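Subject: Structure for you to look over

Hello,

Here is the structure I promised to pass on. Please open it and keep it beside you while you read; my notes follow below.

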Amino acid sequence: MVYRLLKYVVLGPLLRLLWPTTVTGTENIPAEGGAIIASNHLAVADSFFMPLYVPRRVTFPAKQEYFTAPGLKGRLQKWFFTASGQFPIDRSGASAAQAALDTGVRLLAEGRLLGIYPEGTRSPDGRLYKGKTGVARIALEAQVPVIPVAMIGTEKVNPIGSKMWWPRRLEIRFGKPLDFSRYEGLAGDRFVERSIADEIMYALMELSGQEYVDVYAAKAKEELGEAVPLHGRPGEVGAAGAARASTGSSRVPESRAG
């Protein structure tokens, strides 16, 4: 009830009014049954705009810190993230990661749409980074399709380091579902999972038009010094940081698993 209230009455109409968005490919989202929506990740705003244009409810994993902050602000934050369709995950270790995967598989078995950012974190510079294999493991274990979606322009609405949202025109492109049923029973095979993750990233690269970098986004953030702003403008990176980030390989991910 609260999710629908936020989406259709309180927050949704305001987002549609202030940030006009061109949306294509929504016919690729199944009307029922479990499916993964795998998106590039440019800004916090991605988790607000993408579900707004999906007819069904989208559930996202979110870092546990969003649900455990102290005080009144923490309680309000926990209420908001829970009401908006997100569930907490502990990213502190291998067992925590497995728990997150198990939760994702369970939600898909219940017939839900699961939103995932394969890069694992926001892009520090607008490029597309190497996908983690968790999305492949979940897709194989749950035996569901993966719908790639490209968010375009959200990094200008909500730049890294900025608390303000700026008016911009946006575009969201939903791609055709990716079917990995041919690999049924191969969950846990790291070569298969790596190939599937690469195929998903290839689809995202084609949809978004982003330059692909064959390193993990978290590693790139370390090399960029967490994208230290230049001249005080969030999201801009100094020359030294940009030079370090450019050392990553620009290998194109494989277009076909296997």
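Start at Tyr216. Its side chain makes a polar contact with the side chain of Arg194, at 3.3 Å. Please keep in mind that this is a predicted model.

Where does Tyr216 sit? Look in the loop between strand S9 (212-213) and helix H10 (217-223). Tyr216 is partly exposed, because its relative accessible area is 32%, which falls between the 20% and 50% cut-offs. Leaving aside neighbours within four places in sequence, Tyr216 is in contact with Tyr129, Lys130, Gly131, Lys132 and Arg194. Tyr216 and Leu128 are 88 residues apart in sequence, yet their C-alpha atoms are 9.4 Å apart in space.

Next, Ser123. This residue is found in the loop between strand S5 (113-116) and strand S6 (128-129). Is Ser123 buried or exposed? Its relative accessibility is 2%, so Ser123 counts as buried; the cut-off is under 20%. A polar atom of the Ser123 side chain lies 3.4 Å from the backbone nitrogen of Asp125. Beyond neighbours within four places in sequence, Ser123 is in contact with His41, Leu42, Tyr129 and Ile160. Note Tyr129: this residue is in contact with Ser123 and also with Tyr216.

Now two helices.

Helix H7 covers residues 134-142. Its buried residues are Val135, Ala136, Ile138, Ala139, Leu140 and Ala142. An α-helix has 3.6 residues a turn, so residues three or four places apart point the same way. Just after H7 comes Gln143, with a positive phi of about 55 degrees. That is a positive value in a residue other than glycine. Gln143 is found in the loop between H7 and strand S7 (146-152). Gln143 is exposed, because its relative accessible area is 54% and the cut-off is over 50%.

Helix H9 runs over residues 190-208 and has 19 residues. From its first C-alpha to its last, H9 reaches 27 Å, close to the 27 Å expected at 1.5 Å a residue. How many of its 19 residues are buried? The count is 15, and H9 is mostly covered. Asp189 caps the N-terminal end of H9. There, a side-chain oxygen of Asp189 lies 3.0 Å from the backbone nitrogen of Phe191. Just after H9, Gly209 takes a positive phi of about 75 degrees. Arg194, the contact partner of Tyr216, lies within the 190-208 range of H9.

Then the whole chain. The protein chain has eleven helices and nine strands. Of its 258 residues, 47% count as buried. Its accessible surface comes to about 13000 Å². Carbon and sulfur atoms account for 56% of that surface. Take the contacts with a separation of 6 or more: residues 24 or more positions apart account for 79% of them.

Last, confidence. The mean pLDDT of the protein chain is 84, and 82% of its residues reach 70 or more. Over residues 227-247, the pLDDT is below 50. That stretch still has 32 contacts in the model beyond near neighbours in sequence. Where pLDDT is low, the predicted coordinates should not be read in detail.

Best wishes

Note on methods. Residues are numbered from 1 along each chain as its sequence is written. This is a predicted model: local features need pLDDT of at least 70, side-chain atom pairs count only at pLDDT 80 or more; totals for chains, interfaces and linings use all residues. Side-chain values use heavy atoms; hydrogens and water are left out. Helices (H or I, at least four residues) and strands (E, at least two) are DSSP runs, numbered from the N terminus. Buried means under 20% relative accessible area, exposed over 50%, partly exposed in between (1.4 Å probe, protein chains only). A polar contact is a pair of N or O atoms within 3.5 Å; within protein, one must be able to donate a hydrogen and the other to accept it, and residues adjacent in sequence count only if both atoms are side-chain atoms. Contact means heavy atoms within 4.5 Å. The expected span of a helix is 1.5 Å times one less than its number of residues. pLDDT is the predictor's confidence in each residue, from 0 to 100. Accessible areas come from the Shrake-Rupley method with a 1.4 Å probe; for residues, only the protein chains shown count as cover.
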